[in-house]
Amino acid sequence: MKKRFLAVIITILLAMSAVLPASAEGAYLREPPLVADHADLLDDDEESKLTELLEEISERQRCDVVVVTTDTLEGKSAMEYADDYYDYNGYGYGEDRDGILLLVSMEDRDYWISTCGFGITAFTDAGIEYISDEFVPYLSDGDYETAFIEYASLCDKFLTQAYEEEPYDVGNMPRRS
């Protein structure tokens, strides 16, 4: 009798543990967040809007698109900081950790774009230069929201191109608006 009672209790506990994570799934916040605005360049509404955009693009394209801002590079170059931030914070979609990260450093008034997995294929050096040419003027003007939305939109466009045809590269770039 005691063994049967214990078996029933264990079965109920196992069943509850399987149901609880599923019921909490709707309240799940993505970790790590796709917007890490440590320099407070965006207000709450702008950050929320950008987060939604990056989450939609990242999920649809199966490639993390990330924006990180910081006040200090902690003695690193922008490239080292961006690469480390991507790696140590668990970014990347799928087994190859596909993704792209834009770092904006207010310390040096500098930026860097880091790629991983399919992001390396989709965003060639020429492509990164093209994307930068489009959003950097907004950064320079202090219009951070527009800069980040432009970056996100171009990442979406470049990922679509890389999946459907061949990546944008020298001699094969989108027309400038």
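Is Ser 105 buried or exposed? Ser 105 is buried, with a relative accessible area of 1%; buried means under 20%, exposed over 50% and partly exposed in between, computed with a 1.4 Å probe on protein chains only.

**Before selecting anything**

This is a predicted model, in which local features need pLDDT of at least 70 and side-chain atom pairs count only at pLDDT 80 or more, while totals for chains, interfaces and linings use all residues. Residues are numbered from 1 along each chain as its sequence is written, and side-chain values use heavy atoms, with hydrogens and water left out.

**The whole chain**

Colour the chain by pLDDT, the predictor's confidence in each residue from 0 to 100. The average is 87, and 82% of the residues score at least 70. Next select residues 5–29: here pLDDT stays under 50, and the model has zero contacts beyond four places in sequence, a contact being heavy atoms within 4.5 Å. Where pLDDT is low, the predicted coordinates should not be read in detail.

Helices (H or I, at least four residues) and strands (E, at least two) are DSSP runs, numbered from the N terminus. Of the 177 residues in the chain, 39% are buried.

Select residues 99–105 and 110–116, which are strands β3 and β4; they run antiparallel and are joined by seven bridges. Two strands pair if DSSP finds at least two bridges between them. Leu 103 stands opposite Trp 112 in β4. Four residues lie between the strands, and Arg 109 takes a positive phi near 50°.

Return to Ser 105, which lies in strand β3. A polar atom of the Ser 105 side chain lies 3.5 Å from the backbone nitrogen of Asp 108. Leaving out residues up to four places away in sequence, Ser 105 touches Thr 70, Leu 73 and Asp 110.

Move to Tyr 111 in strand β4, which is partly exposed at a relative accessible area of 28%. Beyond its neighbours within four places in sequence, Tyr 111 is in contact with several residues, including Ala 78, Ser 132 and Phe 135. Its side chain makes a polar contact of 3.3 Å with the side chain of Ser 132. A polar contact is a pair of N or O atoms within 3.5 Å; within protein, one must be able to donate a hydrogen and the other to accept it, and residues adjacent in sequence count only if both atoms are side-chain atoms.

**The aromatic pairs**

A search of the whole structure finds nine aromatic pairs. Rings of Phe, Tyr and Trp (its six-membered ring) pair if their centres lie within 6.5 Å; planes under 30 degrees apart count as stacked, over 60 as edge-to-face and the rest as tilted.

Select Phe 118 and Tyr 163, a stacked pair at 4.5 Å centre to centre with 15° between the planes. Phe 118 lies in helix α4 (residues 118–122) and Tyr 163 in helix α6 (residues 144–164), so the pair ties together parts that are 45 residues apart in sequence. Tyr 163 is partly exposed, at 32%.

Then show Tyr 130 and Phe 158, a tilted pair at 5.8 Å and 40°. Tyr 130 belongs to helix α5 (residues 125–140) and Phe 158 to helix α6, 28 residues apart. Tyr 130 is buried at 7%, and Phe 158 is buried at 0%.

Finish with Tyr 81, Tyr 85, Tyr 86 and Tyr 91, which form one aromatic cluster.
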